[in-house]
Amino acid sequence: MHIVNVVSAPVEASAGTLTAVVTGATGGIGREIVRGLLALGARVVVGVRSLDKAEALRSELLGGSGGELEILPLDLSNMQSVRAFAAQVADAHPKL
Ligand SMILES: NC(=O)c1ccc[n+]([C@@H]2O[C@H](COP(=O)([O-])OP(=O)(O)OC[C@H]3O[C@@H](n4cnc5c(N)ncnc54)[C@H](OP(=O)(O)O)[C@@H]3O)[C@@H](O)[C@H]2O)c1
């Protein structure tokens, strides 16, 4: 597992070595964090409430990057959704 402070510190990663989970990925700061992580070649798991926006994000950000984008549904205002998201992430990425 890599724990990275993407806001205040430079991030060093090589393709295939970094997996990150990002919420709020379809706009604002989250979107720019996803852009930077994909450019580093990271695998980025995004939790989103709009799958349509996430697919648009995939089209916009993934082309040319060495990264991978995994899209999972998540509504942070709904604890049932939060638990389901966490379970899916833990299941798919047991080392996180
Ligand atoms: N932007 C700046 O310049 C800036 C500067 C300093 C501090 N901040 C602070 O940093 C934080 C992030 O700001 P931001 O500009 O990135 O905008 P934001 O409006 O806080 O975040 C937007 C993202 O959050 C998602 N989101 C909102 N409610 C959600 C929910 N219930 N479940 C899942 N996702 C949800 C949105 O999804 P949808 O696309 O589905 O709406 C979108 O992807 C805020 O607290 C802000 O005050 C921002």
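The legends below describe close-up views of a predicted model.

Local features are given where pLDDT is at least 70 and side-chain atom pairs only at pLDDT 80 or more, while totals for chains, interfaces and linings use all residues. Residues are numbered from 1 along each chain as its sequence is written.

**Figure 1. Overall arrangement of the protein.** The protein has three helices and three strands, which follow the pattern β-α-β-α-β-α along the sequence. Helices (H or I, at least four residues) and strands (E, at least two) are DSSP runs numbered from the N terminus. Of the 96 residues, 24% are buried; a buried residue has 20 or more other C-beta atoms within 10 Å of its own, an exposed one 12 or fewer, and a partly exposed one a number in between, with C-beta atoms placed from the backbone. Among contacts between residues at least 6 apart in sequence, 57% join residues at least 24 apart, a contact being a pair of residues whose C-beta atoms, placed from the backbone, lie within 7 Å.

**Figure 2. The shell around the ligand.** The ligand is surrounded by 15 residues, the closest being Gly 24, Thr 26, Gly 28, Ile 29 and Leu 76; a residue is near the ligand if its C-beta atom, placed from the backbone, lies within 6 Å of it. Helix α1 (residues 28-39) gives the most to this shell, with three residues. By class, the shell has four nonpolar, eight polar and three charged residues. Ala, Val, Leu, Ile, Met, Phe, Trp, Tyr, Cys and Pro count as nonpolar, Asp, Glu, Lys and Arg as charged, and the others, Gly among them, as polar.

Figure 3. Helix α2 (residues 51-61) has Ala 54, Leu 57 and Leu 61 as its buried residues. Seen down the axis of α2, these residues fall within an arc of 55°, so they line one face of the helix; the arc is that of the directions from the helix axis to the C-beta atoms. An α-helix has 3.6 residues a turn, so residues three or four places apart point the same way. The buried residues of α2 pack against α1, β2 (43-48) and β3. The face turned away from the buried side carries the exposed residues Asp 52, Ala 56 and Ser 59.

**Figure 4. Surroundings of Ile 71.** Ile 71 lies in strand β3 (residues 68-73) and counts as partly exposed because it has 18 C-beta neighbours inside 10 Å. Leaving aside neighbours within four places in sequence, Ile 71 is in contact with Val 46, Val 48, Leu 51 and Ala 54.

Technical notes:
Two residues are in contact if their C-beta atoms, placed from the backbone, lie within 7 Å.
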